[in-house]
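Subject: Structure handover

Hello,

Please find the structure below. My notes on what turned up in it follow.

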Amino acid sequence: MSNTKYTREEALTFHLEPIPGKWEVQATVPLTTQRDLSLAYSPGVAVPCEDIAEDPGLAYDYTNKGNLVAVISNGTAVLGLGNLGALGSKPVMEGKSVLFKRFADVNSIDIELDTEDPDEFCKAVKLMGPTFGGVNLEDIKAPECFIIEQRLKEEMDIPVFHDDQHGTAVICAAGLINALHLSGKKIEDVKIVLNGAGAAGIACIELLKRMGARHQNCIVADTKGIIYQGRTDGMNQWKSAHAVKTDARTLEDAMVDADVFLGVSVKGAVTQDMVRSMADNPVIFAMANPDPEITPEEAHEVRVDAIVATGRSDYPNQVNNVLGFPYLFRGALDIHARAINDEMKIACAQALAELAREDVPDEVALAYGTSLSFGRDYIIPTPFDPRLIHRVPPAVAKAGMDTGAARRPIIDLEAYEDTLKSRMDPTASILRGINTRAKSAQARMIFAEGDDPRVLRAAVMYQRSGFGKALVVGRDADVASKLEEAGLGDAVREIEVVNAAKTPHLERYKDYLYGRLQRKGHDSEDIHRLAARDRHVFAALMLQQGHGDALVTGATRKSAHVMELINHVFDADAAHGAAGVTALLHKGRIVLIADTLVHEWPDQEDLATIAERAAEVARLIGLEPRVAFVSFSTFGYPVSERAEKMHLAPEVLDRRGVNFEYEGEMTVDVALNPQAQTNYPFQRLTGPANILVVPARHSASISVKLMQEMADATVIGPILAGIDKSIQICSTTMTANDILNMAVLAACKGK
């Protein structure tokens, strides 16, 4: 994990620029014409107003209530800073609103109430109830936070959730499920010691008891010592509920033989001697911020068997509330929940725990600069795991429906999961259709570079995802070793490793290759070296001879070199009509760029062929092709010799009589912008182009990389089109997930 450092000036500049604050309001409807105004406001708005007045449930259909959460505080317990007042808490509440949007696409407004009176606070929040689908309470000191939350839960018919309490409790519970799993212990048997009887501490221990922890096994301590039966000093009704019969009077006493320590207290509260006295395989959640009760280094110095979590991002196992509240509210809002109950919280914790036990995507490893796999240093998912949005809310929603908290139950949870994928990644709906076709194809996928961990992870994901059989080219021992290093040791029994030294087909491969290359300066020794020792050539021969259905290669070598090797086996060059097509996915839109791989400087005939190849790819992924030949000129102006071929290419397609839309030459804005197209009423495209044929390979490369770097577009390709077999050429910068996407595309064409 990285230890992020920043200066005071950087923090202030971040909040000041480009405009003050961290969020703004954007309209979701057009407001450009008089008709727009009439519909958005008067008189058109009267129609939904009247319908909602008659049936309040329609507010979820006609307004943003169903996806709007209020983040509300009075600033009496801001982070670790104490009582900063309502206005002093606003940067934190704005930040919370941003997290809701970023992680779960929940719209959120921060509200700071300038009162410390629980009655006034509750009255204000209750009066705002019709506006929101849920209320997230934040940074309110104890015991007022207990009073406020309980009253609002009783008086409001939407979820009211104090994240400082329950958010911490949910993530703590998720981590503890996995920590006990690793240590071989059961929650009903362990001795738990909690230090800190404030909002978060009480919520943690209450949730763990709901999950099976025994009351007598849970000892709670505060600043005055152990909360035992009979104690009167510093007590309140919430602490009294957790008093137990015990002779322990200090935290040091309680820690003897404890299996679990939960800290939501202060720096240094736990000593190494206390850790020494704990039971075997102790679990230590030192969650005080910014400094934990004991650091992982200090704990591991005396107990190497300890599993340690903190609230900090620079240590493993961060107990981070952002793993919980966005997804709890997402699930709750989507069933129009009346409340977020304990069963929904437990479902959230269990879903998080299950996710941490699965293989970790490359995107997560890249975000944190380290490889992650389930174990003592990884018991809780990281906030940037892209699977959270479609794994946790369905679990929460199901629990809400099962317990009667849902006003509008979800009928098809699988379809709901798909909508969640699309919600955060608009390209997911496009990829989903590709995935469906790939699963139907069940292609035997050849992964040429079995010595690369990314390729191996992609191969394992391909097979485990049900797309088909993964055939990995490599040496058995090397593949097994690298899978073990990647935390996928058990996968060696699932995938098929193909070794050139062991295959019974090598002589057949060599005979075929010799037939192609004997008059191109290659003797029998050259052929043996190529077929037996070059994994790209060997994999291509496997594909050519029908010992696999599709091939993914190029993750470890430059694409030009890989293409040269593949052309030993296939006619995958410009002369034979091959072309490279790259898909750009951005904001729910997909555009294909061609040629990105084969043609260096195509003429008009080549450009027409490239368009045909790109149209084939478009149909492969479920698009009806609309081709634009793009240049810096539009329909002959300005006149340029270099643009002439782009003007002539559509005429070539006219002669060929192709069955897809095409037009050109035109600038990119005319190709992609329907409004710009209206200036040319004679043009033949019926909508924005989804295929851009560019003048040369260098302009294709520039376009793709510019979109990738500046717009954060998802790039799939280049897809090699125009040959009988399905071959995908990866780039050397691809992650395992990128390589998997390439394999899935290859599978669609492979059978």
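**Salt bridges and other findings**

At 27% relative accessibility, Lys90 counts as partly exposed, where buried means under 20% relative accessible area, exposed over 50% and partly exposed in between (1.4 Å probe, protein chains only). The model is predicted: local features need pLDDT of at least 70 and side-chain atom pairs count only at pLDDT 80 or more, while totals for chains, interfaces and linings use all residues. Residues are numbered from 1 along each chain as its sequence is written, and side-chain values use heavy atoms, with hydrogens and water left out.

Lys90 forms a salt bridge with Asp110, and their closest N and O atoms are 2.7 Å apart; a salt bridge here is a side-chain nitrogen of Lys or Arg within 4 Å of a carboxyl oxygen of Asp or Glu. The pair links distant parts of the chain, with Asp110 in strand 2 and Lys90 in helix 6, 20 residues apart. Helices (H or I, at least four residues) and strands (E, at least two) are DSSP runs, numbered from the N terminus. Asp110 is buried, at 7% relative accessibility. Both residues belong to a network of salt bridges that links Lys90, Glu94, Asp110 and Glu112. The structure holds 46 salt bridges.

- Asp222 and Lys239 form a salt bridge with the closest N and O atoms 3.0 Å apart. This pair also links distant parts of the chain: Asp222 is in strand 6 (residues 218-222) and Lys239 in helix 11 (residues 237-240), 17 residues apart. Asp222 is buried at 12% relative accessibility, and Lys239 is buried at 14%.
- Glu494 and Arg464 form a salt bridge with the closest N and O atoms 2.9 Å apart. Glu494 lies in the loop between helix 22 (476-485) and strand 13 (496-498) and Arg464 in helix 21 (residues 453-464), so the pair ties together parts that are 30 residues apart in sequence. Glu494 is partly exposed, with a relative accessible area of 27%, and Arg464 is partly exposed with 41%.

On the overall fold, the protein has 32 helices and 21 strands. Its C-alpha atoms fill a box of roughly 95 × 75 × 50 Å along the principal axes. Of its 751 residues, 52% count as buried.

Now the backbone. A cis peptide bond joins Ala142 and Pro143, with omega about 5°; Pro143 sits in the loop between strand 3 (134-137) and helix 8 (144-155). The bond from Gly664 to Glu665 is also cis, with omega near 0°, and Glu665 is in strand 18 (residues 661-666). Asp105 has a positive phi, near 55°, although it is not glycine. Asp105 is in the loop between helix 6 (90-104) and strand 2 (107-112) and counts as buried at 16% relative accessibility. His336, likewise not glycine, has phi near 50°. His336 lies in the loop between helix 15 (325-334) and helix 16 (342-356) and is buried at 10% relative accessibility.

Last, the cysteines. The structure holds 0 disulfides, a disulfide being a pair of cysteine sulfur atoms within 2.5 Å. Cys145 is in no disulfide, and the nearest cysteine sulfur, that of Cys122, is 11 Å away. Cys145 is buried, with a relative accessible area of 1%. The sulfur of Cys748 is 15 Å from the closest cysteine sulfur, in Cys730, too far for a bond.

Regards
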